[in-house]
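Trainee: I'm new to this one. Could you walk me through how to read it?

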Amino acid sequence: MKPRKTYTPRLILFVALAFAAGPAMSADVLKGRVLYNQHCQNCHGAKGQPQMPGTPDFSRGERMLQADHELILTVRHGKGMMPAFEGRFENEDYFDLVAYLRTLRR
Ligand code: HEC
């Protein structure tokens, strides 16, 4: 019979991966919507349609062909006329916001 500890490294890896994937998997779209309506819709529109020039149209999926972490970096650091939101939200809120942005495409 093989010693049981043979499986320990794989178990540790599995648990580590499960935790690493956690925030993306548990993104809360409804919370994202609340935050979006409070902080983003003045410029980006309630349905993702731009309210000021130079703003991408999320209802057409503009700028959304990027990974979540890339979009989150832009939200954190700002871009052009868009202010930085670093430190304004909890870490998981950025995932919630991006998850909601992805629902705006029509
Ligand atoms: C003051 C207006 C304003 C507010 C408020 C604002 N944005 Fe923006 N946002 C912009 C503009 C303008 C751009 C285009 C920036 C550029 O390309 O120069 C943009 C671009 C983006 C992009 C595309 C980034 C890219 O890669 O080009 C994302 C994603 C985004 N905003 C998300 C958000 C989220 C989420 C919020 C709320 C937390 C938010 N924005 C609040 C004006 C705003």
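Mentor: Helices (H or I, at least four residues) and strands (E, at least two) are DSSP runs, numbered from the N terminus. This is a predicted model, where local features need pLDDT of at least 70 and side-chain atom pairs 80 or more, while totals for chains, interfaces and linings use all residues. Residues count from 1 along each chain as its sequence is written, and side-chain values use heavy atoms, leaving out hydrogens and water.

Trainee: Which helix gives the most to the lining of the largest pocket?

Mentor: A pocket, on a 1 Å grid over the protein atoms alone, is an open set of points where a 1.4 Å probe fits, with protein on both sides within 12 Å along at least five of seven lines; lining residues have an atom within 4 Å of a point. Here α3 leads, giving four residues. The lining has 27 residues, and His44, Thr55, Pro56, Phe58 and Met82 lie nearest the centre.

Trainee: Which protein atoms are donors of the ligand's iron atom?

Mentor: Donors are N, O and S atoms within 2.8 Å of the metal (3.2 Å for Na, K and Ca); water is not among the atoms, so sites may look incomplete. In this model they are NE2 of His44 and SD of Met82, 1.9 to 2.1 Å from the iron. His44 sits in helix α3 and Met82 in the loop between α4 and α5, so the pair ties together parts 38 residues apart in sequence.

Trainee: Is His44 buried or exposed?

Mentor: Buried means under 20% relative accessible area, exposed over 50%, partly exposed in between (1.4 Å probe, protein chains only). His44 has 10%, so it is buried, whereas Met82, at 26%, is partly exposed.
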